Every structure is written in structure tokens, then in C-alpha cells.
Amino acid sequence: MVRSRSTLHVAVEIDGAGAHPAAWRVWGRPPVEVVSAQALRDSLAVAEAAGVALVTFDDRVVPGSSTTPVGRLDSGTKAAFAASTTTTVGLGPTVQALTTEPFHLATALASLDHASHGRAAWVVGVDNSPDVHAAVGSVPRDPAAAVREVSDVVEVARRLWDSWEDDAVIRDTATGDFLDPTKVHHTRFNGEFFSVVGPLITPRPPQGQVVVIADASLDISGQLDIALVARSDVPSIAASAAAARDAGAALVFAEVEVLLDAEEDPARRRAAELGGHADWPDTGRFRFEGSPTDLVEALTSLADVVDGVRLHPAVTTTDLDVLAREVIPALTALGVHSPPTAGATLRETLGLPWTASRYAGDRRTGGA
């Protein structure tokens, strides 16, 4: 299926020193700054000034190694910090669905949406490895059960975000009434893996529903605002994007790893330099190594088959700078990309609809 060309939304992953395992050795900062607030602030400033729609923050347990960074800041904390230092870019922390209590997960993401005035997203983490489970004292799930559990976590989070109607908070100083209790509802979710009564302890997010993002391979595309497609070439990206849309995904983004430079044929030299320190494992994503001009051409071709891309700079400093200075402005000039509008929510930036609470109209206190 080929779409008529429209705006290509651009998201960028800005976790740590970059997507390449050796990025911390060549990124031009002291290694300790992989977990510094200043490095994060600098990356955010570059991405937002370039007109990126969304930045995402990874969050996973990395097995101990003598050659790769294993420490990281919590993604939700980074996103909360970013909420106070940005104004237009969306903020998408990865939060693990299998090892985070669903009620607390929904509360944290709703709080991020309030802190950012409607710019929160959730990249659904599905790490089912022994390392991540050992870190929290649980055990890996059967693969099929893991998908069912993730689906339930997404469902209950959405119910909890709906548990307060938009106008539930009154703040009437004359009467002393802070909220209308008939507009705050129990969710009463009873699932295979957990039960949640609700309601949430946080008023409904400004967006109504936080933008939910996950890999299309999970087979939960019908629950997603953005399905991520990780394929190595344009034809397979197109096929997977069409399948995700048929399964109900509102938008589809291609995962693209990039290694760039503005000079003549330096990508090959940089790849060799990085490869001299560590191999870059095949992640299944579309991987681009070359000039900014060629990347603009590649992304323009992707605009025919996907709604957006999530770019993974090989080295956050070098590659993000070139993306911001050359690639994104070129896409904007071609009419393929439009920067976010000041004051817009992330849903508005992405063209996603706002929906009323599913419980609106149920006027029982703590409704069913």
C-alpha cells in the first residue's frame, strides 16, 4: 500500500552518547557526562530548535561490560527534567510494561503530561530478558503471555487516564468544592495478570490520552497511536507499515539509525573509527551511513509509506548536530516536514484526535 505524500513527522532518540556502542568514546565529552543533566539539556536544545516533533529516552537494564556504558538515568526522570527545559517538543520516555506496576506507570505518565502541558508520550518497553527481571525480583514471561500482559497494561493505562473526566476538577472557592465526585470513576479492571480498581490519583492528562508508542511486531497495533516499524529496507518497511495500519495503528513510524557528516565521504571513516572500538550489532532497523543530502533523499522516499521516522543518531553530538543543521531544514524546505507549533499538544502536532473520557455520562460517584 502506498500513501499519498504528507508531512513526515520526525522523532529522535537522544539517550546517552548515541546508538552506537562506542559512541561514548568519540562523542567529544567526558565519559561521565553520559549521565549528566548538561549533556541532556544540550541535546534537547538542538532537537527542539530543529523542529523535531518528539524526543524519546531509552530505559533498559544493560548487562555489565567493561567496554560499554551500563549506568543510565531513569527515563521518566529525564523526561520530567525535559518538561521544564523545553516548550514545543514531545517527550517520550520508555517505561517497561512488564516490570512496572500499571497504576504507578499511568500516574507517572499523566503527571508528565501535566508538567509538559500536553507533550507526553509513552514508548512501551517490553524487555523480557532475565537481566531486567532479576533487577526487580521477577521472572521472565512466556513470550505469548508477555504480549498479553503488555496489552493489558496499555489497556488499563488508557482506562486510568479516562477515570477523571476533563471537567472533574471544579476549584470553586465559594462553595469549597474542589472536584465533582460524579466525574471521577473506578476502572475496575480484572485481568489475567493483575487487577486495578482506580481511579487514578492524577486528574486527566491535558491530551486526554498520552500518546502510546510501541513496536509493531507486538501485535497490539490496534491499541497504539504510533506503531514503530524496524525493517532494513524501504519495501519491507512499506509492507510492515501497511500491516500495522490494517491492524489499527493510527500512525506508523520507521526506525532509522543514522551515521552522518557534512564533509566528503567521512561516514565511512567514522564507521571504521567506531568499529575499531566495538561492533554495531544488527538491530533490524533501517541503517543509513552517508551524506546528509542522501539521507534527505532516503527520508523523502519514506514519506510515501510511513507517517514519520524515529532517528537514532550513531553519536548523539555529531549526528544530531548534522541532522539539525542540514537534514531537517532540507526536509522542511521540501515541504516534507513541518515543525511543531508553539502551544500545541503532541497529539495536535501529530494530527491525532482528542477523545472524551470513556466514562463521561456515568454520573454515579466512583462510577463503574
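Predicted model: local features only at pLDDT ≥ 70, side-chain atom pairs only at ≥ 80, totals over all residues.
Student: What makes the link between the side chains of N190 and S195 a polar contact?

Tutor: Their side chains come together at 3.1 Å. A polar contact is a pair of N or O atoms within 3.5 Å (within protein, one must be able to donate a hydrogen and the other to accept it, and residues adjacent in sequence count only if both atoms are side-chain atoms). Residues are numbered from 1 along each chain as its sequence is written, and side-chain values use heavy atoms, leaving out hydrogens and water.

Student: How do you know whether N190 is buried or exposed?

Tutor: Exposed means over 50% relative accessible area, buried means under 20%, and partly exposed is in between (1.4 Å probe, protein chains only). N190 has 65%, so it is exposed. You will find N190 in strand β7 (residues 189-190); strands (E, at least two residues) and helices (H or I, at least four) are DSSP runs, numbered from the N terminus.

Student: And why is R270 called buried?

Tutor: Because its relative accessibility is 11%, R270 counts as buried. R270 belongs to helix α8 (residues 266-275), and its side chain makes a polar contact of 3.0 Å with that of D319. Beyond its neighbours within four places in sequence, R270 is in contact (heavy atoms within 4.5 Å) with residues including L259, V315 and T318.

Student: What makes W122 and W161 an edge-to-face pair?

Tutor: Rings of Phe, Tyr and Trp (its six-membered ring) pair if their centres lie within 6.5 Å; planes under 30 degrees apart count as stacked, over 60 as edge-to-face and the rest as tilted. By this rule there are 2 aromatic pairs. For W122 and W161 the centres are 6.5 Å apart and the planes stand at 90°, so the pair is edge-to-face. It joins distant parts of the chain, since W122 is in strand β4 (residues 121-125) and W161 in helix α6 (residues 143-162), 39 residues apart.

Student: How do you know what place these two tryptophans have in the largest nonpolar core?

Tutor: A nonpolar core is a set of buried Ala, Val, Leu, Ile, Met, Phe, Trp, Tyr and Cys residues joined through side-chain atoms within 4.5 Å. W122 counts as buried because its relative accessibility is 0%, and W161 is buried at 0% too. Of the 82 residues in this largest core, W122 and W161 touch the most other members. Helix α6 gives the largest share of the core, 8 residues. Another core, of 14 residues, lies apart from it, and A53, A121, L228 and L346 are among its members.

Student: What makes R287 a charge over the ring of W280?

Tutor: The rule asks for NZ of Lys or CZ of Arg within 6 Å of the ring centre and within 35 degrees of the ring normal. The charged end of R287 sits over the W280 ring, 3.9 Å from its centre. R29 lies over the face of W27 as well, at 5.9 Å from the ring centre.

Student: Finally, why are β1 and β13 said to pair?

Tutor: Two strands pair if DSSP finds at least two bridges between them. Strand β1 (residues 9-13) and strand β13 (residues 308-313) have 4 bridges, in the parallel sense, with A11 opposite R310.
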